Every structure is written in structure tokens, then in C-alpha cells.
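Please keep the sequence and the 3D view at hand while reading.

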Amino acid sequence: MEAKNQKNLDVKFEILHLPPQNTNSVLVSRGSDCVIFDPWGRAADWERILSERGLKLRAIYATHGHPDHTSAAPELAETFDIDWFLNANDNFLIGNANDFLDMFGLPHILDGYKKSVDISKGVVEILPDVSMEIIESPGHTPGGVMFYFPKYKILLIGDTLFQDSYGRTDFPGGDERQLFESIRNLYDMNLDDETYVVHGHGMETTIGWLKQNNPFFTK
Ligand SMILES: [Zn+2]
């Protein structure tokens, strides 16, 4: 009975811009369960949104370890006693970002913060019957990944590629050669042109749009 109801629940993908507005965070929910991708901003603001909507947070995923994609993750994971997932190659970026957080007036990640759980390529069921493929995408950071939802044709591309540019590689661990290899690998996946692409920052696009308009999205 419950399983049947569960199957009939709609899956919602929402892009949220938490203050101080900077990053495209994504909230995926089904019924009262949800997961957050790239939880920028303050944990307290996320907690308010979740409680207003009556949502239970089940897990957190980050495309990469930069603070504008992870600032609320350790605290939320601690508060709700859930896992937060990040490729282990980016662990060195967490807890090293206080100068950046200061610029936005955000609280520091405290010493002894809740550590992430490693993810690499594979398929993960994030909510009942909602699966995503993890695509390794190093370059902007060593542990960058993308999240692809084949059933919904949605790609969370992180900071690998933007509407008309690509992710910076001048931060610690960045590697331009690797970034372009990641972009080529994505191109070679031949995702449908209609695939909806959510970038870490800026406007959403589609794979078809990127092929036509982003000079860096090429073989
Ligand atoms: Zn970044």
C-alpha cells in the first residue's frame, strides 16, 4: 500500500538560490523525502525551508568541494544525522575555506566538522525509484563529479562547464588538461539534446544549446 503510494508521488527538481545569492543549489523531493545538491548558504536557512515544506532531508551531495557548493553540508548532515557525499579527492578543500566564507558573511566550517562520505562513478538511488549516474569530472577540482538523471534527462554539471565558458582551473588542485578531457568525455556520452543542464552558477541550458553556443563543448 505504502509502496504503491510511493510510486505515484511526483518527483520535483527545484533550483534554489539561498542568500547570499551565488550558487544554483538543487532540491530534489518525492513526497516528504528530499535530498539537496550543492547546499550553499547557511544551514539555518536550509532548515527553515525544509521545515516550512515539511520535508525530511535524506542525504546531501556535492558536485565538488568548493565552499560555494558545500558551505551548509557538514552542519546539515550533523543536525539531521545523515550522510553527505563528496568525492574524496576534494576532501582537502573542506575546512580550508574560511576566508571565502568571510567574504560572504557566512559561518566558518568548525573544526571537527562532520566528514563527507566518498562517491565516485556509479549509479545511486537517491530516493525511492529516483536514480542518478555519477560521472567523474575532474579538472575544476580533482574530485569534481556530475550527476545525471537519465529518466528525467537532467544533468547537474557543477562548475565544469557554464553557459558560455568553463570552470576555472587556477584554484588549488585545478588542472586545465583534465578539465578539457572531462568535457570531451561528457560530449562523447552523446546525451540527448533536450537534456536539461543545471550549471553550478548562472542560467540553465540544454546539451543541444551547449553544442551550438558554447565553443568549449566539443570533441
Ligand atoms: Zn567551484
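Just after helix 4, Asp81 takes a positive phi of about 55°; helices (H or I, at least four residues) and strands (E, at least two) are DSSP runs, numbered from the N terminus. Residues are numbered from 1 along each chain as its sequence is written. The model is predicted, and local features need pLDDT of at least 70, side-chain atom pairs count only at pLDDT 80 or more, while totals for chains, interfaces and linings use all residues.

The mean pLDDT of the protein is 95, with 96% of its residues at 70 or more, where pLDDT is the predictor's confidence in each residue, from 0 to 100. Over residues 1-5 the pLDDT is below 50, and this stretch has zero contacts in the model beyond near neighbours in sequence; two residues are in contact if their C-beta atoms, placed from the backbone, lie within 7 Å.

Helix 4 spans residues 73-80, and its buried residues are Ala73, Pro74, Glu75, Leu76 and Ala77. A residue is buried if 20 or more other C-beta atoms lie within 10 Å of its own, exposed if 12 or fewer, and partly exposed in between, with C-beta atoms placed from the backbone. The elements that cover these buried residues include those in the table.

| Covering element | Residues |
|---|---|
| Helix 2 | 43-53 |
| Strand 4 | 56-61 |
| Helix 3 | 67-70 |
| Strand 5 | 83-85 |

Helix 2 and helix 4 pack at an angle of about 50°, with their axes 9 Å apart; axes are lines fitted to C-alpha atoms, for helices over the stretch in contact, and angles run from 0 to 180 degrees between N-to-C directions. Where the two helices meet, Ala43, Trp46 and Glu47 in helix 2 face Glu75, Leu76 and Thr79 in helix 4.

An open sheet of five strands has the order 1-2-3-4-5, with mixed pairing, two strands being paired if DSSP finds at least two bridges between them. Strand 1 (11-16) and strand 5 stand at the edges with a single partner strand each, so one side of each is left without a neighbour in the sheet. Strand 2 (residues 25-30) and strand 3 (residues 33-37) pair in the antiparallel sense over five bridges, and the bridge partner of Ser29 is Cys34 in strand 3. Helix 4 packs on this sheet, touching strand 4 and strand 5.

Ser116 lies in the loop between helix 5 (98-103) and strand 6 (122-127). Ser116 is buried, with 24 other C-beta atoms within 10 Å.
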